[in-house]
Amino acid sequence: ASDTINPVGQLSKEVIKNKSFDDFNNPLTQDITSTYYKDDGSVISIDYKSNDFHKEDGSAGYDIYGRVTSMTTQTFKYDTDGTTKIIITTQIFNNSNFDEYGNAGFQTITTYEGEAIDANFSSIKTVENHYDDPIAKKRGNATGSISITYKDINKSIKLEETDTVTDPKDFDNNGNPLKQDQTSYRFDINTQAKTQVSHTVITSVYDLRNDATSQNIKTYHVEIDANTNKEAETLISDQDFTNRSFDASHNVVNQMVISYAVDKDGNRVVFDVKEIRSTAFRASGVASQVITATYSDASKTKIIGVEVVINSDVTADGKIKEMTVTKYSGCNPLDPGAGDIITPTGKLSEEVIKNKSFDNFNNPLTQDITSTYYKDDGSVLSKEYKSNTLTYDVYNRTIGMIVRTFDSSERTNPPVTTQIFANSDFDAY
């Protein structure tokens with residue numbers, strides 16, 4: 001009953017400036033500046049975004065009930081002079097077929113790399129939602145969702161499809177999905193032949209805030225068996241998640257993940273255990289900072305290492321353009337338990353990865369990597385400058401890679417060495 005609330009652990013800050021309104025006080029244009037913070041309070045990154053709630057014909061992007069029917073979102077950065085705005089990504093959202101609770105039965109999301117002109121077109125995604133459970137419907141949880149990504153603006157060339165299904169009997173009394181089936185497909189760009197690539201089963205338990213505090217996620221690799229010529233499922237990931245705490249947007253910020261494998265005797269055994277702390281989630285769902293401590297045993301007495309990932313440049317559709325990956329030998333204390341902080345010790349290496357181009361599935365095609373390696377006393381042992389060119393198969397496995405190493409970060413001189421990797425005959429893992 002105290003009159004004072006003292007917040008701790010600042011995660012993010014948004015400054016929202018609504019610049020114009022419609023006749024019903026809905027914002028028509030707004031600028032949003034988002035600042036994300038590390039655990040120590042320092043700034044990870046600052047994002048700049050502008051939203052425009054208008055349709056293509058210039059009319060307001062709201063219906064008579066105040067539901068958003070059309071919105072254009074632009075993310076941008078400033079040039080070195082601090083005043084010139086450079087548009088990074090433009091996304092146009094169109095929502096229709098609303099139910100009485102404001103759930104959109106159909107959505108399209110069109111993404112451009114830069115301003116919204118034909119030359120910058122990246123992809124268009126459609127999402128069809130069905131709400132067949134009355135309680136889940138009120139909560140906004142669909143019984144069925146079909147998401148299709150297209151290569152062209154006319155939606156004639158499909159790239160991938162994800163179907164998520166929840167049987168109405170598999171919702172709890174609050175409308176939360178206890179079990180979900182998710183099936184993913186890829187399309188051949190030339191023939192549009194549809195191939196199932198994975199199948200995921202998610203089971204969840206929820207708290208009173210409707211956050212999934214406990215989950216098991218099983219992922220199966222799906223591929224045509226060469227002997228039977230039929231689709232065969234292979235369990236490639238079996239994980240139990242203990243989700244301890246969440247941010248205001250229901251993103252998990254503190255979790256333990258236990259991964260299992262099946263041994264030669266057919267027993268389910270612990271493969272590894274991860275303690276994960278995630279900070280400052282962006283609108284795309286990508287965390288600005290992720291700290292992971294990995295152990296080889298269930299009791300967390302044998303640490304494999306600690307990895308700190310800082311995603312400093314992320315596009316609106318989730319492409320990570322720049323990230324820093326720092327690896328450590330351990331942490332103090334060895335097991336952080338349920339605590340919110342993991343303190344790494346024994347810095348081993350640091351990689352700054354700049355992804356310069358991507359394929360249709362957000363896999364990096366070209367990247368520059370600067371690697372720094374450290375001695376036990378923390379001094380620099382060596383540095384390495386590398387550029388990679390990559391190609392992938394339908395399962396996102398790297399089938400080809402050209403690695404060039406350089407003598408400086410400028411990478412202007414001819415490479416010191418060039419290695420060409422070709423991979424084939426993959427198994428399910």
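A salt bridge is counted where a side-chain nitrogen of Lys or Arg lies within 4 Å of a carboxyl oxygen of Asp or Glu. The structure is a predicted model, in which local features need pLDDT of at least 70 and side-chain atom pairs count only at pLDDT 80 or more, while totals for chains, interfaces and linings use all residues. Residues are numbered from 1 along each chain as its sequence is written, and side-chain values use heavy atoms, with hydrogens and water left out.

By the salt-bridge rule, the count comes to 22. One of these joins the side chains of lysine 169 and aspartate 170, at 3.5 Å from N to O. Accessibility is described here by relative accessible area (buried under 20%, exposed over 50%, partly exposed in between, with a 1.4 Å probe and protein chains only). Lysine 169 is exposed at 63%, whereas aspartate 170 is buried at 17%. In another salt bridge, aspartate 63 meets arginine 67, with the closest N and O atoms 2.7 Å apart; aspartate 63 is partly exposed, with a relative accessible area of 22%, and arginine 67 is likewise partly exposed, at 22%.

A further salt bridge, at 2.7 Å from N to O, is formed by the side chains of aspartate 238 and arginine 268. This pair links distant parts of the chain, since aspartate 238 belongs to strand S13 (residues 231-246) and arginine 268 to strand S15 (residues 268-281), 30 residues apart. Strands (E, at least two residues) are DSSP runs, numbered from the N terminus. Aspartate 238 is buried, at 7% relative accessible area, while arginine 268 is partly exposed, at 43%. Salt bridges with shared partners also join Arg244, Glu275, Arg277, Lys300 and Asp335 into one network.

Aromatic contacts were examined as well. Rings of Phe, Tyr and Trp (its six-membered ring) pair if their centres lie within 6.5 Å, and planes under 30 degrees apart count as stacked, over 60 as edge-to-face and the rest as tilted. The structure holds 5 aromatic pairs. Among them, tyrosine 48 and tyrosine 78 are edge-to-face, at 5.1 Å centre to centre and with 80 degrees between the planes. This pair connects distant parts of the chain, with tyrosine 48 in strand S3 (residues 43-52) and tyrosine 78 in strand S4 (residues 70-78), 30 residues apart. Phenylalanine 76 and tyrosine 78 also form an edge-to-face pair, at 5.7 Å centre to centre and 90 degrees between the planes. Phenylalanine 76 is buried, at 8%, whereas tyrosine 78 is partly exposed, at 35%.

Notes: Helices (H or I, at least four residues) and strands (E, at least two) are DSSP runs, numbered from the N terminus.
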